Amino acid sequence: MSPLAIFFFFFFNLSLASNTIYNVQNYGAKSNGKTDSSKAFLSAWRSACASTSASTIYVPRGIYLIRKAYFNGQTCKRNAITIRINGTLLAPSDYNVIGNDGNWITFENVNRVSIYGGIFDGQGASLWTCKNSKKNCPKGTTALAFYNSNNIVMNGVTVQNSKMFHILVDGCHNAKLQGVKVLAPGNSPNTDGIHVQSSSGVSIMNSNIGTGDDCISIGPGNSNLWIEGIACGPGHGISIGSLGWESQEQGVQNVTVKTVTFTGTQNGVRVKTWARPSSGFVRHVLFQHIVMSNVQNPIVIDQNYCPNHESCPHQGSGVKISDVTYQDIHGTSATEIAVKLDCSKTNPCSGITLDNVNLSYKNGRADASCVNAAGRASGFKELTSCL
């Protein structure tokens, strides 16, 4: 054996030896889908958290019922914890069990936690039925939430049928979500695929998202977001907002959304703000290389946002929108007005660029509508420009 081969042999085995594996079944987890395994998962986390070497929590094949789990990394001796999931984590089907608890599975104050594989099933169907029947129902729980955490990786993870949001990233820095699948029916209310707020350096790549609400929603306080290679549908599109509900609110800046396909969605790319005073802003946003397939509202800026049209403020939105570029967007609109820029009457949009935006309606030219918006347009073929 050559000296180089000997080196790699010992290096590889040393790496394995320094990575301690914690199998949740060794802590009492049952893969029958009926026995609550919450305590077993938390025990495995505590062991990994207490370890001074790199740790892996391993979830073998099977179905594991988790009533609720909260993983806090504040006291971990070593930051790097890998979670490899070959099975399915199952939430209680009875929405009253955790209906108002906020989150089903939560990670907080963790650093360098990586989750590979697995299915997180929120079992939200009964709550959706309750909500759609207009009964008095719990708000519902987010399936998988990260708070105040850094250097997060999610790869090859499926989150499905959540009672409310599927994935939440809040107050985090450097989070990479890749190869994620989010699955829920188009009639499942408030089931945003991925919601990001108060975070920076978040990337969402090569993922398939279908929900009853926004595929991806971007809340206040976000910067340096990169979203690429997304298939969205069903759902309400990719939205910045809603913003501007609070009078003092952080803005959104440096967002790139590129190489996205929207299929049969309610919206494509949307910015939505409440029509009331606010210190918020949206600036330096690029929507690029996007395909629309039978999308009801392909390009939207709505600064008079008011869902259900109840108790609408009817004021001028204080959120300033500037330097937003739409480039190389083509496909089909399900409505005649494919571009609708309805900007604030007190704080008009500026620096809007429409470059090579070509959307058709019923094999003909689609229309565009612009109110209180200033910018430039070029490269139109199948769309009437309004700038």
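## The largest pocket

In this predicted model, strand β25 gives the largest share of the lining of the largest pocket, with 6 residues. That lining takes in 49 residues in total, and the ones nearest the pocket centre are Asp213, Arg270, Lys272, Tyr305 and Pro307. The space inside comes to about 1,400 Å³.

Which elements supply at least two lining residues each? They are α4 (125-132), β17 (194-197), β21 (238-243), β23 (267-274), β25 (297-305) and β27 (337-342).

## The nonpolar core

The largest nonpolar core holds 89 residues. Within that core, Trp45, Phe107, Phe120, Phe287 and Tyr326 touch the most other members.

Take Phe287 and skip its neighbours within four places in sequence: what is Phe287 in contact with? Its partners are Ile240, Val257, Val269, Val324, Thr325, Tyr326, Gln327 and Ile329. Tyr326, as it happens, is also on the list of core residues touching the most other members.

## Rings and charges

Searching the whole structure turns up 8 aromatic pairs. One to look at is Phe107 with Phe146: the ring centres are 5.0 Å apart and the planes sit at 10 degrees, so this pair counts as stacked. Phe107 belongs to strand β8 (residues 103-108) and Phe146 to strand β11 (residues 142-147), so to speak a bridge between distant parts of the chain, 39 residues apart. Both Phe107 and Phe146 are buried. Ring pairs also tie Phe107 and Phe146 into a cluster with Trp45 and Phe71.

Two arginines sit over aromatic rings. Arg84 has its charged end over the ring of Tyr116, 4.7 Å from the ring centre. Arg283 lies over the face of Phe281, at 3.8 Å from the centre of that ring.

Where are the cis peptide bonds? One joins Gly233 and Pro234, with omega about 0 degrees, and Pro234 falls in the loop between β20 (223-232) and β21. Another joins Gly241 and Ser242, with omega about 15 degrees. Ser242 is in strand β21 itself, and β21 is one of the elements that supply at least two residues to the pocket lining.

A couple of asparagines have positive phi despite not being glycine. For Asn148, phi is near 45 degrees; this residue is in the loop between β11 and β12 (150-155) and is partly exposed, with a relative accessible area of 43%. For Asn294, phi is about 55 degrees. Asn294 is found in strand β24 (residues 281-295), and at 46% relative accessibility Asn294 is partly exposed as well.

Note on methods. Residues are numbered from 1 along each chain as its sequence is written. This is a predicted model: local features need pLDDT of at least 70, side-chain atom pairs count only at pLDDT 80 or more; totals for chains, interfaces and linings use all residues. Side-chain values use heavy atoms; hydrogens and water are left out. A nonpolar core is a set of buried Ala, Val, Leu, Ile, Met, Phe, Trp, Tyr and Cys residues joined through side-chain atoms within 4.5 Å. Buried means under 20% relative accessible area, exposed over 50%, partly exposed in between (1.4 Å probe, protein chains only). Contact means heavy atoms within 4.5 Å. Rings of Phe, Tyr and Trp (its six-membered ring) pair if their centres lie within 6.5 Å; planes under 30 degrees apart count as stacked, over 60 as edge-to-face and the rest as tilted. Helices (H or I, at least four residues) and strands (E, at least two) are DSSP runs, numbered from the N terminus. A charge sits over a ring if NZ of Lys or CZ of Arg is within 6 Å of the ring centre and within 35 degrees of the ring normal. On a 1 Å grid over the protein atoms alone, a cavity is a set of points where a 1.4 Å probe fits but cannot get out, and a pocket is an open set with protein on both sides within 12 Å along at least five of seven lines; lining residues have an atom within 4 Å of a point. Grid points are joined across faces, edges and corners, and a volume is the space filled by probe spheres set on the points.
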